[in-house]
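Thank you all for coming, and please keep the sequence and the picture in view while I talk. I will go slowly, one element at a time, and I will ask a few questions along the way.

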Amino acid sequence: MYSNDTAVKESYFRKIFNTNFNVGFGKPSTDICSTCVRLKNQAKMEKDEEKKQSFILQLKVHKKRAKSFHQLLNRITDDELGINNVRCYVWTENERSRGSSEIALAIYDSLQKVDSAKIRKIRLFSDGCTGQNENMTMISMAAT
C-alpha cells in the first residue's frame, strides 16, 4: 500500500483509542444484573451515610435472594427441564427483532409442541433479557 510500511505497536492504537475516542480495551462484562449495578452505583454516589448503608443492605438482600433462586434452579433435574428434548429458536436481528413479541411467539410455539400427556408442570423463568421481561406480553401469551 505504502512504500514505507512500518509496523505499529498495539500500545500506539491503545493510546489513540483511550485518549481520542474514549474507547477502552478489556474483557466485556457479561450477565450483569441491572439491580446489582444500580444499587452499587447508588451506594457509591450517595453522600448521606444512612442512605448509603440502606443501599448496601438492599444489595446484600438482593444478592441473597438471587443466590437462593439459583440454588433452586440447580435442584431441578434434567428431566424436569426437558434436557433430552431441546428446541432452539434462532434468527438474526436483520430478520426480526428480539422484543417481547418475538420471544413470546417462540415460547408459545414451543409450548404447542409439548406432549401434555407426559408433562404435569411447566415453569417459565426469565433472566435480565428485556424481551423476556415485558410482563404483559408474556402473561397474555401464557393465558392463551
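This is a predicted model: local features need pLDDT of at least 70, side-chain atom pairs count only at pLDDT 80 or more; totals for chains, interfaces and linings use all residues.

Let me begin with helix α2, where Cys-36, Leu-39 and Ala-43 are buried. Around the helix axis these residues cover an arc of only 75°, which puts them on the same side of α2. If you now turn to the face of α2 that points away from this buried side, you will find the exposed residues Ser-34, Lys-44 and Met-45 there.

Thr-35 counts as partly exposed because its relative accessibility is 24%, and the buried class takes in only values under 20%. Thr-35 and Gln-58 are 23 residues apart in sequence, while their C-alpha atoms are 9.7 Å apart in space.

Now let me step back to the protein as a whole. Its secondary structure comes to six helices and zero strands, and from the N terminus on the elements therefore read α-α-α-α-α-α. Of the 144 residues in the protein, buried residues make up 10%. The accessible surface comes to about 12900 Å², and 53% of that surface belongs to carbon and sulfur atoms. If we take the contacts between residues at least 6 apart in sequence, 42% of them join residues at least 24 apart.

One part of that surface deserves a separate look. Which residues make the nonpolar surface patch of about 520 Å²? The patch is made by Val-8, Tyr-12, Phe-13, Phe-17 and Phe-21. Phe-21 lies in the loop between α1, which covers residues 10–20, and α2, which covers residues 34–45. With a relative accessibility of 53%, Phe-21 counts as exposed, since the exposed class begins over 50%.

The next stop is helix α5, which runs over residues 100–112 and so has 13 residues. At 1.5 Å a residue, α5 should span 18 Å, and because its end C-alpha atoms are 18 Å apart, the model agrees with that expectation. Where do the buried residues of α5 fall when we look down its axis? They fall within an arc of 160°, so they line one face of the helix. The buried residues in question are Ser-100, Ile-103, Ala-104, Ala-106 and Ser-110, whereas on the other side of α5 Leu-105 and Gln-112 are exposed.

Let us stay for a moment with Ser-110, which lies in helix α5. Is Ser-110 buried or exposed? At 19% relative accessibility Ser-110 counts as buried, because the cut-off for that class is under 20%. Leaving out residues up to four places away in sequence, Ser-110 touches Arg-87 and Tyr-89.

Finally, please follow the chain to Thr-144, which has its place in the segment after α6, the helix of residues 135–143. With a relative accessible area of 70%, Thr-144 is exposed. How many residues apart in sequence are Thr-144 and Tyr-108? They are 36 residues apart in sequence, and from C-alpha to C-alpha they are 9.0 Å apart in space.

Notes
Residues are numbered from 1 along each chain as its sequence is written. Side-chain values use heavy atoms; hydrogens and water are left out. Helices (H or I, at least four residues) and strands (E, at least two) are DSSP runs, numbered from the N terminus. The expected span of a helix is 1.5 Å times one less than its number of residues. Buried means under 20% relative accessible area, exposed over 50%, partly exposed in between (1.4 Å probe, protein chains only). The arc is that of the directions from the helix axis to the C-beta atoms. Contact means heavy atoms within 4.5 Å. Patches are made of residues with over 30% relative accessible area and no salt bridge: like charges are joined within 9 Å, nonpolar side chains (Val, Leu, Ile, Met, Phe, Trp, Tyr) within 5 Å. Accessible areas come from the Shrake-Rupley method with a 1.4 Å probe; for residues, only the protein chains shown count as cover. A salt bridge is a side-chain nitrogen of Lys or Arg within 4 Å of a carboxyl oxygen of Asp or Glu.
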